[in-house]
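Here is a short briefing to read alongside the model. Please have the sequence and the 3D view open as you go.

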Amino acid sequence: MSNPLVEICLSPELLHLHELSGRTVVVADILRATSCMVAGLATGIASITPVASLEEGRALMAQGYIGAGERDGKQVEGFHMGNSPFSYMEPYLKGKKVVTTTTNGTQAIQKSRAAAQIVIGAFLNLSAVAAHVKAAGRDVVIVCAGWKGKVNLEDTLFAGALARKLEGFFTWEDDAILAASELYANMQMDLHAHISRSSHYQRLAKLGIKEDIRFCLEIDRFDAVPVLEGNEIVVK
Ligand code: 3SL
């Protein structure tokens, strides 16, 4: 039997080119949505419900959820928190249900719903995600959330890092795998320096957000593998 296939979808705008049904999708929004989800669920949040719109977020907040709302890097007025991994690790969130809506990350998750399973990936749980998708044995699509439909460096680097971890266990057909893995091989020695040249780093830096970025680039800080179950992302 041949090895399963791994593909990288470099932007949600390209999702129509990828078959998702029957496959594992790993969604990555390194700065910062999926890093926040991994950090929060690994440190005690009970569940995170990702929603596309602010209205859906507000509706769940009215039912008692803690609301995390971000647009263009900034916390949305009326939500309890924005999109910093440090907010997601606050002790008061232990055992709580959170609803989150972000510019790109939660949109990418919603657009991937045809998958057999959606896994939340970040550098923070890179090895654990690799082990999980290997054990699942299905074909894999790594979906980069990007920025408003455009490709970004940090999600592409994560996709390359994950693809390298799957080498030998998965086959690949299209060149996104080759490009992203080579890019990661060339940049891995100083991810932070390379990512500091990226558009989203600059955007966040203008908002004074720098510590979050260093944190989101830590590799394997957690071994939690969050997955979407119904409408909630949980760690089992
Ligand atoms: O786009 C997103 O989903 C966010 O992660 C962007 S930000 O890092 O919060 O600016």
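Helices (H or I, at least four residues) and strands (E, at least two) are DSSP runs, numbered from the N terminus. With that in hand, Gly64 falls in the loop between helix H2 (54–62) and strand E4 (66–71). This is a predicted model, where local features need pLDDT of at least 70 and side-chain atom pairs count only at pLDDT 80 or more, while totals for chains, interfaces and linings use all residues. Residues are numbered from 1 along each chain as its sequence is written, and side-chain values use heavy atoms, with hydrogens and water left out.

**Overall picture**

- The protein has 10 helices and 10 strands.
- For 236 residues, a compact globule would have a radius of gyration near 18 Å, and the protein, at 16 Å, agrees with this; the radius is taken over C-alpha atoms, and the globule rule is 2.2 Å times the number of residues to the power 0.38.
- Along the principal axes, the C-alpha atoms fill a box of roughly 50 × 35 × 30 Å.
- Buried residues make up 57% of the 236, where buried means under 20% relative accessible area, exposed over 50%, and partly exposed in between (1.4 Å probe, protein chains only).
- Of the contacts (heavy atoms within 4.5 Å) with a separation of 6 or more, 76% join residues 24 or more positions apart.

**Nonpolar cores**

- A nonpolar core is a set of buried Ala, Val, Leu, Ile, Met, Phe, Trp, Tyr and Cys residues joined through side-chain atoms within 4.5 Å.
- The largest one has 71 residues, and Ile8, Phe123, Phe158 and Leu162 have the most contacts inside it.
- Helix H6 (residues 153–166) supplies the largest share of this core, 7 residues.
- A second, separate core of 8 residues includes Met61, Tyr65, Val76 and Val99.
- Beyond its neighbours within four places in sequence, Phe158 touches residues including Val26, Ala28, Ile30, Phe123 and Leu126.

- Helix H1 (residues 33–42) is largely enclosed by the rest of the structure, because 9 of its 10 residues are buried.
- After H1 comes Gly44, with a positive phi near 125 degrees.
- In helix H5 (residues 126–136), the buried residues are Leu126, Ala128, Val129, Ala130 and Val133.
- Their cover includes strands E2 (24–28), E7 (117–121) and E8 (140–144), along with H6.
- Gly137 follows H5 and has a positive phi near 75 degrees.

- Gly64 is exposed, with a relative accessible area of 59%.
- The C-alpha atoms of Gly64 and Lys96 are separated by 9.5 Å, although the two are 32 residues apart along the chain.

**Ligand surroundings**

- The ligand is surrounded by 14 residues, of which Arg32, Asn83, Thr102, Asn104 and Gly105 are the closest; a residue is near a molecule if one of its heavy atoms lies within 4 Å of it.
- A ligand oxygen atom is 3.0 Å from an N or O atom in the side chain of His200.
- Ligand oxygen also lies 3.2 Å from a polar backbone atom of Leu31.

Definitions and conventions. Polar contact = N/O pair within 3.5 Å; in protein donor to acceptor, adjacent residues only side chain to side chain.
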